[in-house]
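What follows is a walk through one structure, from its ring pairs to its sheet and its cores. Please keep the sequence and the model in view while reading.

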Amino acid sequence: EPDAGPVLWAVDDGYSAKRDAQTRLWTADSHPRVFLLVQLRPDGTLCQFAEHYAAETLSDAHLDRLMAFCAERGYPLPEYAVVDKSAAELKGRLHAAGIYTRNGPADVEESIKEMRRALGRDLNGRRRYRVHPRCEDFRAEMLSYRRDANGHTVKAFDHGPDAARYLVWSQRFAQ
């Protein structure tokens, strides 16, 4: 929404991935690069309004495609992007494009707790993280995000949720 707050990007880096021919969703062993486009509303709500997944695409080419995607739709560039701290090459590309970056969390479990709080209703019935229905890949991954029998997160269908988790973590003291 125009004038409803800054746009932020949540990013999880990846490269190798393929889609299932029947479901058209990413396969469990896929690792796509994910950019989630999110607007930070004045009340602190994070509203994910678009997603941009890519596989077997170099980061500079993916960034060019994402910039074109944003320009076509009239989306502003982000105030900053929150990126996994291990994605040094991608952060360099973002900095070269004039996009400031922040690191994702150091602790997975603590950031999962923050994400749960953001997705769940607070005492006022408000959710701090909302997702537009057009974000189909993200929504499908969220349905598959789970733990194994030993309580460890399953490293499948997790790239969009990880990107969102990084962003929510970066906002934990903002509101």
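There are 5 aromatic pairs in the structure, a pair being two rings of Phe, Tyr or Trp (for Trp the six-membered ring) whose centres lie within 6.5 Å, called stacked with planes under 30 degrees apart, edge-to-face over 60 and tilted for the rest. The model is a predicted one, in which local features need pLDDT of at least 70 and side-chain atom pairs count only at pLDDT 80 or more, while totals for chains, interfaces and linings use all residues. Residues are numbered from 1 along each chain as its sequence is written, and side-chain values use heavy atoms, with hydrogens and water left out.

One of the pairs joins Trp 26 and Tyr 53: the ring centres are 6.2 Å apart and the planes stand at 20°, so this pair is stacked. Trp 26 belongs to the loop between strand 1 and strand 2 and Tyr 53 to strand 3, so the pair ties together parts 27 residues apart in sequence. Strands (E, at least two residues) and helices (H or I, at least four) are DSSP runs numbered from the N terminus. Trp 26 and Tyr 53 are both buried, where buried means under 20% relative accessible area, exposed over 50% and partly exposed in between, with a 1.4 Å probe and protein chains only. Arg 19 lies over the face of Trp 26, 4.1 Å from the ring centre; the criterion is NZ of Lys or CZ of Arg within 6 Å of the ring centre and within 35 degrees of the ring normal. Arg 102 is placed over the face of Tyr 80 in turn, at 3.9 Å from the ring centre.

Tyr 129 and Phe 138 make up a tilted pair, with 6.3 Å from centre to centre and 40° between the planes. Both of these residues are buried. Elsewhere, Phe 49, Phe 69 and Tyr 75 form one aromatic cluster.

How many bridges join strand 1 to strand 2? There are 6, and the two strands run antiparallel; within this pairing, Val 11 has Phe 35 of strand 2 as its bridge partner. Strand 2 is also antiparallel to strand 3, with 8 bridges between them, and Val 38 is partnered by Gln 48 in strand 3. These two strands form a hairpin with 5 residues between them, and Gly 44 in the turn has a positive phi of about 95°. Strand 3 and strand 6, by contrast, run parallel and are joined by 3 bridges. Cys 47 stands opposite Arg 130 of strand 6.

Strand 2 has 8 of its 8 residues buried, so it is largely enclosed by the rest of the structure. Arg 33, Phe 35, Leu 37 and Gln 39 cover one side, and Val 34, Leu 36, Val 38 and Leu 40 the other, all of them buried.

The cores come next. A nonpolar core is a set of buried Ala, Val, Leu, Ile, Met, Phe, Trp, Tyr and Cys residues joined through side-chain atoms within 4.5 Å. The largest one has 23 residues, of which Leu 36, Leu 46, Tyr 129, Phe 138 and Leu 167 touch the most other members. Helix 5 gives the largest share of this core, 5 residues. Beyond its neighbours within four places in sequence, Leu 167 is in contact (heavy atoms within 4.5 Å) with Leu 8, Ala 10, Val 38, Leu 46 and Val 82. A second, separate core of 17 residues includes Phe 35, Leu 37, Cys 70 and Ala 87.

Two backbone details remain. Most residues other than glycine have a negative phi. Asp 3, not a glycine, has a positive phi of about 60°. This residue is in the segment before strand 1 and, at 84% relative accessibility, counts as exposed. Glu 56 has a positive phi near 50°; it lies in the loop between strand 3 and helix 1 (59-73) and counts as exposed at 53% relative accessibility.

Methods:
Two strands pair if DSSP finds at least two bridges between them.
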